[in-house]
Amino acid sequence: IAAMMLTRTVHPPAGSNPVIVFLAAPGWSFLWFPTLIGALIVVAVAVVYNNLVREESYPKYWVGREL
C-alpha cells in the first residue's frame, strides 16, 4: 500500500485487499473468493473481449494455429 501511495498508483480494489486482510483477518477463504475468483473473471472477460475486437486471437495455441 505504501509503495502504491508513493507512486500514486493506488487502485481502490487492489488497495482494499491488504487493508481487509490486516484489519478483519478474514482467513484463507478470502483468497478464494472474492480475490482469486475475481481475478479469474477479469482475465476471462479480457480474453473474450480481445478475441471479439481484434483480428488475432489470444492465445494462439488454443485455436490450432502454429506459432
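1. Of the 67 residues of the protein, 9% count as buried, where buried means under 20% relative accessible area, exposed over 50%, and partly exposed in between (1.4 Å probe, protein chains only). The structure is a predicted model, in which local features need pLDDT of at least 70, side-chain atom pairs count only at pLDDT 80 or more, and totals for chains, interfaces and linings use all residues. Residues are numbered from 1 along each chain as its sequence is written, and side-chain values use heavy atoms, with hydrogens and water left out.

2. Confidence. The mean pLDDT of the protein is 79, and 85% of the residues score at least 70; pLDDT is the predictor's confidence in each residue, from 0 to 100. Among the elements, α3 has the highest mean pLDDT (86) and α2 the lowest (75). Where pLDDT is low, the predicted coordinates should not be read in detail.

3. Secondary structure. Helices (H or I, at least four residues) and strands (E, at least two) are DSSP runs, numbered from the N terminus.

4. Surface. The protein exposes about 6,100 Å², of which carbon and sulfur atoms supply 71%. Accessible areas come from the Shrake-Rupley method with a 1.4 Å probe; for residues, only the protein chains shown count as cover.

5. Nonpolar patch. Trp32, Phe33, Leu36, Ile37, Leu40, Ile41 and Val45 form a nonpolar surface patch, together presenting about 730 Å² of accessible area. Patches are made of residues with over 30% relative accessible area and no salt bridge, with like charges joined within 9 Å and nonpolar side chains (Val, Leu, Ile, Met, Phe, Trp, Tyr) within 5 Å. A salt bridge is a side-chain nitrogen of Lys or Arg within 4 Å of a carboxyl oxygen of Asp or Glu. Phe33 belongs to helix α3 (residues 29–53) and is exposed, its relative accessible area being 60%.

6. Backbone at Ala25. Although Ala25 is not a glycine, it has a positive phi of about 50°. Ala25 sits in the loop between α2 (12–24) and α3 and counts as exposed at 60% relative accessibility.

7. Ile1 precedes α1 (2–6) and is partly exposed, with a relative accessible area of 41%. Ile1 and Pro18 lie 17 residues apart in sequence, and their C-alpha atoms are 7.6 Å apart in space.

8. Asn50. This residue of helix α3 is buried, with a relative accessible area of 18%. Leaving aside residues up to four places away in sequence, Asn50 touches Glu56 and Tyr58, contact meaning heavy atoms within 4.5 Å.
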